[in-house]
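I opened my notebook to record what I looked up in this structure. Here are my entries, in the order I made them.

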Amino acid sequence: MVVLNKIYTKTGDAGETALGNGSRVAKHDMRVTAYGTSDELNCFVGVARLEATGNVDAALSRIQNDLFDLGADLCRPDMEKDADAEYPPLRMADTQVARLESEIDAMNDALEPLRSFILPGGSALSAHLHVCRTVARRAERLAVELAAMETVNAAAVKYLNRLSDWFFVAARIANNGGKDDVLWIPGANRD
């Protein structure tokens with residue numbers, strides 16, 4: 001077994017990076033921006049896990065693994081060539097989307113319906129999950145923008161859409177089942 005200790009490769013010094021199929025693109029390429037943002041989201045999920053316990057922590061652990069799957073999917077262009085690849089490329093699956101939907105439904109069953117928009121905050125975990133929600137929305141927007149330019153796995157975009165919903169509902173759960181949500185009061189400071 002070969003062990004690599006070298007962290008730096010110097011291959012990106014000219015402003016390019018390799019995609020999952022070996023092709024090289026600029027580091028500001030939309031595909032790199034999209035999967036880089038999913039990596040950023042994964043980091044914020046790691047921060048949220050510092051406050052999470054039990055089932056929420058276990059779910060966040062699954063999400064972190066899914067986000068690596070998502071990055072692997074997004075960094076591999078040319079889906080139409082998947083069958084010809086040396087090894088099967090990792091692609092997001094509808095089952096991952098369905099799992100998020102099931103978890104959202106289960107969490108939502110424990111919550112009272114919203115009567116107002118809520119502000120990010122309440123508990124520390126809720127605040128972290130709201131940061132995750134907004135970064136997930138940005139990652140989704142970037143994936144959609146990428147999909148307007150080239151082929152993107154539809155399950156990857158769906159996953160990001162459901163994931164931001166998951167973070168919203170989980171943030172309410174983290175606020176004492178929604179009882180400690182911080183409600184928006186329209187125009188409260190206009191006087």
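This is a predicted model: local features need pLDDT of at least 70, side-chain atom pairs count only at pLDDT 80 or more; totals for chains, interfaces and linings use all residues.

**Entry 1: Arg138 and its partner.** Arg138 is partly exposed, at 28% relative accessible area. Which residue forms a salt bridge with Arg138? I found Glu40, with the closest N and O atoms 3.1 Å apart. Glu40 is partly exposed too, and its relative accessible area is 29%. Next I checked where the two sit. Arg138 is in helix H4 and Glu40 is in helix H1, so this pair ties together parts 98 residues apart in sequence. Side chains of opposite charge can pair when their charged atoms come close.

**Entry 2: other salt bridges.** How many salt bridges does a search of the whole structure find? The count is 13. I noted one between Arg49 and Asp57, where the closest N and O atoms are 2.7 Å apart. Arg49 is partly exposed, with a relative accessible area of 25%.

Then I turned to Arg99 and Glu103. Their side chains meet in a salt bridge of 3.4 Å, N to O. Both residues lie in helix H3, four residues apart, which is about one turn of the helix. An α-helix has 3.6 residues a turn, so residues three or four places apart point the same way. Is Glu103 buried or exposed? Glu103 is buried, at 16%, because the cut-off for buried is under 20% relative accessible area. Arg99 has 22%, so it counts as partly exposed. I also saw that salt bridges with shared partners join Arg62, Asp66, Arg99 and Glu103 into one network.

**Entry 3: helix H2.** Helix H2 covers residues 54-74, which makes 21 residues. I looked up its reach from first C-alpha to last: 30 Å, close to the 30 Å expected at 1.5 Å a residue. Its buried residues include Leu60, Ile63, Asp66, Leu67 and Leu70. Which helices do the buried residues of H2 pack against? I listed H1 (30-49), H3 (94-109), H4 (124-149) and H5 (154-174).

**Entry 4: Arg172.** I found Arg172 in helix H5. Arg172 is buried, with a relative accessible area of 7%. Leaving aside neighbours within four places in sequence, its contacts include Leu111, Glu112, Ile118 and Asp181.

**Entry 5: Thr17.** Thr17 lies in strand S1, residues 16-18. I skipped residues up to four places away in sequence and checked what Thr17 touches. Among them are Ser23, Arg24, Val32 and Tyr35. Last, I looked up Thr17 and Ile185, which are 168 residues apart along the chain. Their C-alpha atoms are separated by 47 Å.

Conventions:
Residues are numbered from 1 along each chain as its sequence is written. Side-chain values use heavy atoms; hydrogens and water are left out. Helices (H or I, at least four residues) and strands (E, at least two) are DSSP runs, numbered from the N terminus. The expected span of a helix is 1.5 Å times one less than its number of residues. Buried means under 20% relative accessible area, exposed over 50%, partly exposed in between (1.4 Å probe, protein chains only). Contact means heavy atoms within 4.5 Å. A salt bridge is a side-chain nitrogen of Lys or Arg within 4 Å of a carboxyl oxygen of Asp or Glu.
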